[in-house]
There are 2 protein chains.
Amino acid sequence: MAQAGRRPGQNETREAILEAAKQRFASQGYDGATVRAIAGDAGVNAALLNHFFGSKQQLFAAAMNLPINPAEIVPLILDGPPEQIGERLVRMFLSIWSNPVTRAPFLALLRSATTNDEFAATLRQFMEKAVFAKVAEAKGIPRVRVAAAAAQMMGVALLRYIVAVPPLADASDEELVTLIAPVIQHYFDG
Amino acid sequence: MAQAGRRPGQNETREAILEAAKQRFASQGYDGATVRAIAGDAGVNAALLNHFFGSKQQLFAAAMNLPINPAEIVPLILDGPPEQIGERLVRMFLSIWSNPVTRAPFLALLRSATTNDEFAATLRQFMEKAVFAKVAEAKGIPRVRVAAAAAQMMGVALLRYIVAVPPLADASDEELVTLIAPVIQHYFDG
């Protein structure tokens with residue numbers, strides 16, 4: 001919070017927006033929480049909020065401390081050779097999950113989603129609209145194929161980093177790229 | 001507990017063993033909890049425990065209320081045409097997860113594993129020894145391929161039944177068999 005009599009700096013405004021976003025997303029879900037309402041809670045207008053965060057998707061990613069912005073996923077899929085989408089996605093995914101700092105917020109998402117129905121609903125709306133729909137549209141494939149690829153990678157994260165079962169926990173990133181990338185590629189080849 | 005002066009019936013003995021198993025698995029993990037110690041806690045000998053439950057794997061499955069016994073998975077994989085392993089496994093998996101009664105204990109496992117490190121260790125040891133090692137050996141493929149197939153199915157369970165994201169939550173079982181079975185088959189074809 002800014003102290004009385006002092007004009008809040010950019011960092012304080014940004015923090016106030018993030019705090020308001022966390023509370024609105026938690027209480028109203030991804031669909032229910034509007035950018036206008038979050039801006040109002042933070043005492044700024046929607047234009048300033050958009051200046052800081054760009055979009056509701058990006059605001060959600062920032063509020064959840066996600067190390068990757070969903071807006072970055074679509075270019076990653078479309079840029080580069082289409083026959084290497086599987087490999088690019090698996091490498092990006094493993095690089096995020098193998099680093100404890102960037103893994104932590106995804107782990108928090110997964111824990112919250114498995115134990116709190118309201119949070120699961122928020123995550124559901126975000127994944128559906130900000131990730132699956134956009135990737136499927138960009139690539140021209142059915143959403144269910146994008147979701148199946150995401151399921152493969154989330155299952156690997158669960159068994160490799162949370163349950164830490166040896167055959168997955170012990171494998172090198174390269175072994176996993178060789179094993180999993182063809183499956184992700186298969187889903188994206190539609 | 002049996003009342004003083006009355007010989008405990010089979011159901012009471014079975015319940016006493018299950019209660020002792022739950023406590024030992026929770027406090028010592030799957031590897032640390034011995035059948036002998038669990039039998040001792042329940043006031044029976046190991047031979048009687050084995051008469052009731054057959055093996056430590058089956059005792060663990062019973063203590064966790066799992067609707068499927070790991071000893072049943074290997075025959076399911078080996079019986080029937082090898083080129084339909086993927087389809088058989090996906091159908092079995094969806095039939096367990098689509099029924100709220102049989103889903104509940106797996107959901108409890110998943111929740112405990114994502115929020116409790118000690119439970120994650122217990123589940124890790126069980127999956128490694130009672131599931132992945134036995135299936136890999138029976139089929140003659142590397143364990144990491146069995147684990148990757150399990151990761152695909154657990155990720156589908158997470159997104160279809162917990163986060164409940166529409167493209168996976170709305171799909172029919174038949175659509176999912178068509179989509180996922182080739183991937184499971186790919187892992188099992190080694």
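Which residue, with a positive phi near 60°, follows α9(A)? In this predicted model, that residue is A164(A), which comes after α9(A) and has a phi that is positive and near 60°. The legends below begin with chain A as a whole and then turn to individual views.

**View 1. Chain A is built from 11 helices and has zero strands.** Read from the N terminus on, the elements of chain A follow one another as α-α-α-α-α-α-α-α-α-α-α. Taken along the principal axes, the C-alpha atoms of chain A fill a box of roughly 60 × 35 × 30 Å. Chain A has 190 residues, of which 36% count as buried.

**View 2. Helix α9(A) is mostly covered, with 19 of its 20 residues buried.** The end C-alpha atoms of α9(A) are 27 Å apart, which agrees with the 28 Å that its 20 residues should span at 1.5 Å a residue. Beyond this helix comes A164(A), found in the loop between α9 and α10 of chain A. A164(A) has a positive phi of about 60° although it is not a glycine. With 18 other C-beta atoms within 10 Å, A164(A) is partly exposed, because a residue counts as buried at 20 or more such atoms and as exposed at 12 or fewer.

**View 3. Helices α9(A) and α11(A) are roughly antiparallel to each other.** The axes of α9 (residues 143-162) and α11 (residues 173-188) of chain A come within 8 Å and cross at roughly 165°; angles over 145 degrees count as roughly antiparallel, and the two helices are therefore described in that way. The crossing in which α9(A) passes α11(A) is left-handed. On the α9(A) side, R145(A), A148(A), A149(A), Q152(A) and V156(A) take part, and they meet I180(A), V183(A), I184(A), Y187(A) and F188(A) of α11(A). Sorted by class, this contact of α9(A) with α11(A) has eight nonpolar residues, one polar residue and one charged residue.

**View 4. Helices α6(A) and α11(A) pack at an angle of about 130°, with their axes 7 Å apart.** This angle makes α6(A) oblique to α11(A), and the crossing of the two helices is right-handed. From α6(A), the contact is made by I85(A), G86(A), E87(A), L89(A), V90(A), R91(A), L94(A) and S98(A), while α11(A) brings D173(A), L176(A), V177(A), I180(A), A181(A), P182(A), I184(A), Q185(A) and F188(A). By class, the contact of α6(A) with α11(A) has 11 nonpolar, three polar and three charged residues. Residues of α11(A) that meet α9(A) include I180(A), I184(A) and F188(A), and these residues are also among those of α11(A) in the contact with α6(A).

**View 5. Helix α7(A) has buried residues that are covered by elements of chain A and chain B.** This helix, residues 100-115 of chain A, has 16 residues and reaches 22 Å from its first C-alpha to its last, close to the 22 Å expected at 1.5 Å a residue. Within α7(A), the residues F106(A), L110(A), A113(A) and T114(A) are buried. Their cover includes α6 (85-98) and α8 (117-139) of chain A, together with α7 (100-115) and α9 of chain B.

**View 6. The contact between the chains takes 35 residues from chain A and 35 residues from chain B.** On the side of chain A that touches chain B, at least two residues are supplied by each of α7, α8, α9, α10 (166-169) and α11. The largest share of that side, 13 residues, comes from α9(A). By class, the side of chain A that touches chain B has 26 nonpolar, five polar and four charged residues.

View 7. N65(A) is partly exposed, with 14 other C-beta atoms within 10 Å.

Notes
Residues numbered from 1 in each chain as written. Chains lettered and ligands numbered in written order. Predicted model: local features only at pLDDT ≥ 70, side-chain atom pairs only at ≥ 80, totals over all residues. Axes fitted to C-alpha atoms, helices over the stretch in contact; angles between N-to-C directions. Helix = DSSP H or I, 4+ residues; strand = E, 2+ residues; numbered from the N terminus. Parallel < 35°, antiparallel > 145°, perpendicular 65-115°, else oblique. Left-handed = near helix turned anticlockwise from the far one by under 90°. Contact = placed C-beta atoms within 7 Å. Nonpolar A, V, L, I, M, F, W, Y, C, P; charged D, E, K, R; others polar. Expected span 1.5 Å × (residues − 1).
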